[in-house]
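Biologist: I have the structure open and would like to go through it with you. Can we start with the side chains?
Modeller: Go ahead.

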Amino acid sequence: MRWPSVRQGERSQEESSSADTLILDFPASRAVSKIPAWLQGTLLRNGPGKHTVGETRYNHWFDGLALLHSFTIRNGEVHYRSRYLRSDTYNANVKANRIVVSEFGTMAYPDPSKNIFSRAFSYLSHTIPDFTDNCLINIMRCGEDFYATTETNYIRKINPQTLETLEKVDYRKYVTVNLATAHPHYDAAGNVFNIGTAIVDNGKTRYVVFKIPAAVPEGGMKKKSPLEHVEVLCSIASRSLFSPSYYHSFGITENYIVFLEQPFKMDILKMATAYIRGVSWASCLTFHKEDMTYIHIIDQRTGKPLPTKFYTDPMVVFHHVNAYEEDGCLLFDVIAYKDSSLYQNFNLANLNQDLEENCKVTSIPTLKRFAVPLCMDKNAEVGSNLIKLASTTARALKEKDDQVYCQPELLYEGLELPGINYAHNGKQYRYIYAAQVQWSPIPTKVLKYDIVTKSSLTWSEEHCWPAEPLFVPTPGAKDEDDGLILSAIVTSDPQKLPFLLILDAKSFTELARAYVDIEMHLDLHGLFIPDADLDSRKQVPSQEV
């Protein structure tokens, strides 16, 4: 068995388009019951969609050129649209009919027919690289605008209705970061919080916490973007000047930000010479199993990290689930791995054939809950547990020199791509929605996990691989799980069409599905945009093809 987007979707979608563009737009067919009348909006998704350009091929699934796709749900009907992100990277590759822009797992080398000066310039440009704008990971909302995001300093503004690619934005114009997460957080006002890495800036490598306002402050010019009013909340020095931690997400509560400086590190010096040595930047990312994971708790009110040094065992975390404050403690939940084997599993050589055999992970993704005290009891004895909460068995053991070793509570094994009812983000919550995985990266079920009762509900169907499940609340809902789950389902059976799955979030029963007559790609992340959040004057009517 092969990975669906490698085995099937890429071929069919590319053959249905011209050489330099892809626009698919057609109604999806419905089946099974009916879509609730109140569900009006667009599920917007992002992920890698094109892994070959001409005769050249990417090495890693995460390197593929970004493909946006959406399901617009209106008046009980579903309309599907997909379009490649027309990034500078995409345009340059298509123009050359070969991969000419390097990605994290794939180095692009000059055409052998180029002259020596072109080749010399290519080598020099990779020593201090200008990273890719192939924004294939997520969708970010910023004020009234939407952006496709990745983990470099670039984001691309898009039209969420037509999927048209608009301007390119460089974070470095507004805040000093070379890298930034594709998983920002939002507060109730719509302000955006994110973390980026400033590499060897003024002799220091720092993790920068910044905030983008939801709107241009009063008195500001109308045409100015909220990005021009970025505020740096905190800056944390990396424990290593040339080996900063890799991180994919972070946690947030009403008053605090949770950042994990994990022993999954980028070697900057090796990255600077990777091109000359003929290796990818990804090869410069190493898990140091002998190091600890350091937990930074940043007080948003003061802009400073707590002075206590919290740490835990070495682990790799891609996704934070949620965090909240309770009785003088901060609790945060993450999906943790014991090593970095997950990243290697997505090499395309492993996904093309013998998937089950090649992609066995050596660490199963585990939901872990950590708890840290927000105020240290100076009179507590060394070795004593500083967590007195009845709601968790997580421990924080006091050590000498204001250090605290955090021991997590293990909640559930075998889940990834977690989501919650975002109205409970940063607050006490109960339910997690995720894709269930076991000893491979293959998602096999949609999962609902109850943190309180430690019970779960699942949806599954043979040959079906679910994407990240996304919760949409029922208007006026009072219960945390009163709403719907949306997930784009791809299939490993070429005779079975992919579809949009709609579940009742409370009972986890299937309410509806909308089939798409195209071999769809498995995506990464996205969001749901209610019609009420879009200007009705700009809405694009459904078009039948």
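Biologist: Which side chain does D88 meet in a salt bridge?
Modeller: D88 meets the side chain of K168, at 3.0 Å from N to O. A salt bridge here is a side-chain nitrogen of Lys or Arg within 4 Å of a carboxyl oxygen of Asp or Glu. Before going on: this is a predicted model, where local features need pLDDT of at least 70, side-chain atom pairs count only at pLDDT 80 or more, and totals for chains, interfaces and linings use all residues. Residues are numbered from 1 along each chain as its sequence is written, and side-chain values use heavy atoms, with hydrogens and water left out.

Biologist: Where do D88 and K168 sit in the chain?
Modeller: D88 is in helix α2 (residues 88-96) and K168 in strand β11 (residues 165-170), so to speak of sequence, they are 80 residues apart. Helices (H or I, at least four residues) and strands (E, at least two) are DSSP runs, numbered from the N terminus.

Biologist: Which residues are linked with them in a network of salt bridges?
Modeller: The network links D88, D133, R156 and K168. The structure holds 21 salt bridges.

Biologist: What does K157 pair with?
Modeller: K157 forms a salt bridge with E167, and their closest N and O atoms are 3.5 Å apart. K157 lies in strand β10 (residues 154-158) and E167 in strand β11, so the pair ties together parts that are 10 residues apart in sequence. K157 counts as buried at 17% relative accessibility, while E167 is partly exposed at 42%.

Biologist: And R513, which residue does its side chain meet?
Modeller: E461, in a salt bridge of 2.6 Å from N to O. R513 is buried, with a relative accessible area of 7%; E461 is partly exposed, at 25%.

Biologist: What about F508, where is that?
Modeller: F508 is in the loop between β37 (499-504) and β38. Its phi is positive too, about 65°, although F508 is not a glycine. F508 is buried, with a relative accessible area of 5%.

Biologist: New topic. What is the volume of the largest pocket?
Modeller: About 1,600 Å³. Rolling a probe the size of a water molecule over the atoms shows where empty space is left. A pocket is an open set of points on a 1 Å grid over the protein atoms alone, where a 1.4 Å probe fits, with protein on both sides within 12 Å along at least five of seven lines. The volume is the space filled by probe spheres set on the points, and points are joined across faces, edges and corners.

Biologist: How many residues line the largest pocket?
Modeller: 50, with Y186, N421, Y422, A423 and N425 lying nearest its centre. A lining residue has an atom within 4 Å of a point. Elements that give two or more residues include β24 (316-326) and β30 (415-419), and β39 gives the most, with 6 residues.

Biologist: How do the lining residues divide?
Modeller: Into 27 nonpolar, 17 polar and 6 charged. Ala, Val, Leu, Ile, Met, Phe, Trp, Tyr, Cys and Pro count as nonpolar, Asp, Glu, Lys and Arg as charged, and the others, Gly among them, as polar.

Biologist: Where does Y324 lie?
Modeller: In strand β24, where Y324 counts as buried at 2% relative accessibility. Y324 and Q428 are 104 residues apart in sequence and 5.6 Å apart in space, C-alpha to C-alpha. Leaving aside neighbours within four places in sequence, the contacts of Y324 (heavy atoms within 4.5 Å) include T253, R369 and Q428.

Biologist: Last one, how many helices and strands does the chain have?
Modeller: 7 helices and 39 strands. Of its 545 residues, 58% count as buried.

Notes:
Buried means under 20% relative accessible area, exposed over 50%, partly exposed in between (1.4 Å probe, protein chains only).
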